[in-house]
Amino acid sequence: MTRTDFPARGDALAPGTGVGDPDAEVGVRLKRLREGLGLSQRELAKRAGVSNATISLIEQNRASPSIGSLKKVLDGIPISLAEFFALEDAAREPVFFAAGELVEIAGGLDGPSGLSYRQVGRSPAGRAMQLLHERYAPGADTGETLMRHGAEEGGIVVRGRVEVTVGSRARVLGPGDAYYFDSRQPHRFRNVGPDEAEIVSACTPPSF
């Protein structure tokens with residue numbers, strides 16, 4: 001398959017074979033993205049200012065667009081080239097995670113802090129949300145120096161009693177209680193109960 005620029009609307013596009021060509025995956029990604037957004041080939045072609053045949057041939061892996069031409073099509077969605085090519089990696093990310101597959105990022109309950117923050121997924125890079133399973137040993141504390149980071153976060157206490165401090169406000173939360181705040185405010189978490197405490201939380205964008 002040869003790389004080609006798109007012709008004007010209504011012109012023909014020279015087909016390629018697509019056999020063994022890594023660029024063939026461009027067509028698969030484009031079709032998945034278009035259908036996921038509920039767009040027909042005709043609608044996408046109209047938005048991008050190309051012919052229907054152009055979209056069809058790319059999705060069938062019978063033609064390989066240049067970067068500039070592909071960007072023209074993606075501008076009709078719109079989505080950036082970087083986001084488009086990241087779709088493949090996102091599609092390969094696991095959807096389900098066994099308990100043992102969560103990634104420890106705080107040292108664990110047996111560490112000096114007595115905190116365990118287990119993250120869903122290997123890395124939050126490129127994601128819009130960071131999801132954590134938090135556990136606090138009795139007396140464990142995130143520290144006298146209050147935390148700040150550019151995000152919003154929220155969580156629900158699953159068990160135990162956790163004192164949550166946000167700015168000048170503080171409250172002890174028990175099972176079923178929840179919090180949500182702008183993470184740029186100074187904040188702190190402390191297990192004030194006799195037993196291990198547990199929280200399921202989310203942070204967006206990932207910044208913890």
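Predicted model: local features only at pLDDT ≥ 70, side-chain atom pairs only at ≥ 80, totals over all residues.
The side chains of Glu134 and Ser201 meet in a polar contact of 2.5 Å. Glu134 lies in strand β5, which covers residues 130–136. The notes below begin with this glutamate, then move to a helix and to the chain as a whole.

**Around Glu134**
- A second polar contact, at 2.6 Å, links the side chain of Glu134 to that of Tyr136.
- Glu134 is buried but takes part in no salt bridge.
- For Glu134, the nearest side chain of opposite charge belongs to Arg135, and it is 11 Å away; a salt bridge would need the charged atoms within 4 Å.
- Leaving aside residues up to four places away in sequence, Glu134 touches Ser116, Tyr117, Tyr179, Ala197, Glu198, Ile199 and Ser201.

**Helix α4**
- Helix α4 spans residues 67–74, and its buried residues are Ser69, Leu70, Val73 and Leu74.
- Looking down the axis of α4, these buried residues fall within an arc of 140 degrees, so they line one face of the helix.
- As background, an α-helix has 3.6 residues a turn, so residues three or four places apart point the same way.

**The whole chain**
- The protein chain contains 5 helices and 11 strands.
- Of its 208 residues, 39% are buried.
- Among contacts in the chain with a separation of 6 or more, 64% are between residues 24 or more positions apart.
- The chain exposes about 11400 Å², with 53% of that area supplied by carbon and sulfur atoms.

Methods
Residues numbered from 1 in each chain as written. Heavy atoms only, no water. Helix = DSSP H or I, 4+ residues; strand = E, 2+ residues; numbered from the N terminus. Buried < 20%, exposed > 50% of the residue type's maximum accessible area, 1.4 Å probe, protein only. Lys, Arg positive; Asp, Glu negative; His and termini not counted. Polar contact = N/O pair within 3.5 Å; in protein donor to acceptor, adjacent residues only side chain to side chain. Contact = heavy atoms within 4.5 Å. Arc of directions from axis to C-beta. Areas by Shrake-Rupley, 256 points an atom, 1.4 Å probe, with all protein chains shown as cover.
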